[in-house]
Amino acid sequence: MLVYLLKSKIHRAQVTGGDVNYEGSLTIDRALMEMVGLLPFEKILCSNIANAARFETYAIPGERGAGQIILNGAAAHLGKPGDLLTIMSFTETEANEAKFWKPRVIVLGEKNAVISERGI
């Protein structure tokens, strides 16, 4: 039996911008993506801590070290600069392996700097 588990999480990512005219997706600082093992174009689930909006999209890498978290396309209507997001991706694994699974998680602070990490 397969079970779905949290693979990657970026917690308290501060939205830095939005572009409703972009085709879609969420731009994420490339360094943050690499820390949690997110791949370019990987499906993600986002929740906005400020307004409880939840949406699925895909990740695209932004400039490394710039701290970018940019809502693009329709997702730009679901938040504004300064809002805090939780960005998650999931994987599937055999149930007997699930008890050993450790997701890769980072928590961000000011200017989207990493303040804690686990599973990395």
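**Figure 1. Surroundings of Ile28 in the predicted model.** Apart from neighbours within four places in sequence, Ile28 is in contact (heavy atoms within 4.5 Å) with Ile10, Met33, Leu38, Ile44, Ala59, Ile60, Pro61, Gly62, Gln68, Ile69 and Ile87. The model is predicted, with local features requiring pLDDT of at least 70 and side-chain atom pairs counted only at pLDDT 80 or more, whereas totals for chains, interfaces and linings use all residues. Residues are numbered from 1 along each chain as its sequence is written, and side-chain values use heavy atoms, with hydrogens and water left out.

**Figure 2. The largest nonpolar core.** A nonpolar core is a set of buried Ala, Val, Leu, Ile, Met, Phe, Trp, Tyr and Cys residues joined through side-chain atoms within 4.5 Å, where buried means under 20% relative accessible area, exposed over 50% and partly exposed in between (1.4 Å probe, protein chains only). The largest such core has 21 residues, of which Ile10, Leu26, Ile28 and Ile87 touch the most other members. At least two residues of this core are supplied by each of β1, β3, α1, β4, β5, β6 (69–72), β7 (84–94) and β8 (104–108), and the largest share, 3 residues, comes from α1. Helices (H or I, at least four residues) and strands (E, at least two) are DSSP runs, numbered from the N terminus. In soluble globular proteins, nonpolar side chains tend to be buried together.

**Figure 3. Ser25 in its loop.** Ser25 lies in the loop between β2 (17–19) and β3 (26–29), and counts as buried because its relative accessibility is 2%. Leaving aside neighbours within four places in sequence, Ser25 is in contact with Thr57, Tyr58, Ile60, Ile70, Leu71 and Asn72.

Figure 4. The whole structure contains 4 salt bridges, each defined as a side-chain nitrogen of Lys or Arg within 4 Å of a carboxyl oxygen of Asp or Glu. In one of them, Glu42 is paired with Lys7, with the closest N and O atoms 2.9 Å apart. Because Glu42 lies in the loop between α1 (30–36) and β4 (43–48) and Lys7 in strand β1 (residues 2–14), the pair ties together parts that are 35 residues apart in sequence. Both Glu42 and Lys7 are buried. Another salt bridge joins the side chains of Lys43 and Glu56 at 3.5 Å, N to O; Lys43 lies in strand β4 and Glu56 in strand β5 (residues 54–62), so this pair ties together parts 13 residues apart in sequence. Both Lys43 and Glu56 are exposed.

**Figure 5. The salt bridge between Asp83 and Lys80.** The closest N and O atoms of Asp83 and Lys80 are 3.1 Å apart in this salt bridge. Asp83 counts as buried, at 6% relative accessibility, whereas Lys80 is exposed, with a relative accessible area of 52%.

**Figure 6. The aromatic pair of Phe41 and Tyr58.** Rings of Phe, Tyr and Trp (its six-membered ring) pair if their centres lie within 6.5 Å, and planes under 30 degrees apart count as stacked, over 60 as edge-to-face and the rest as tilted. By this rule the structure has 1 aromatic pair: the ring centres of Phe41 and Tyr58 are 6.1 Å apart and their planes stand at 35°, so the pair is tilted. Distant parts of the chain are linked by this pair, with Phe41 in the loop between α1 and β4 and Tyr58 in strand β5, 17 residues apart. Phe41 is exposed, with a relative accessible area of 59%, while Tyr58 is partly exposed, at 29%.
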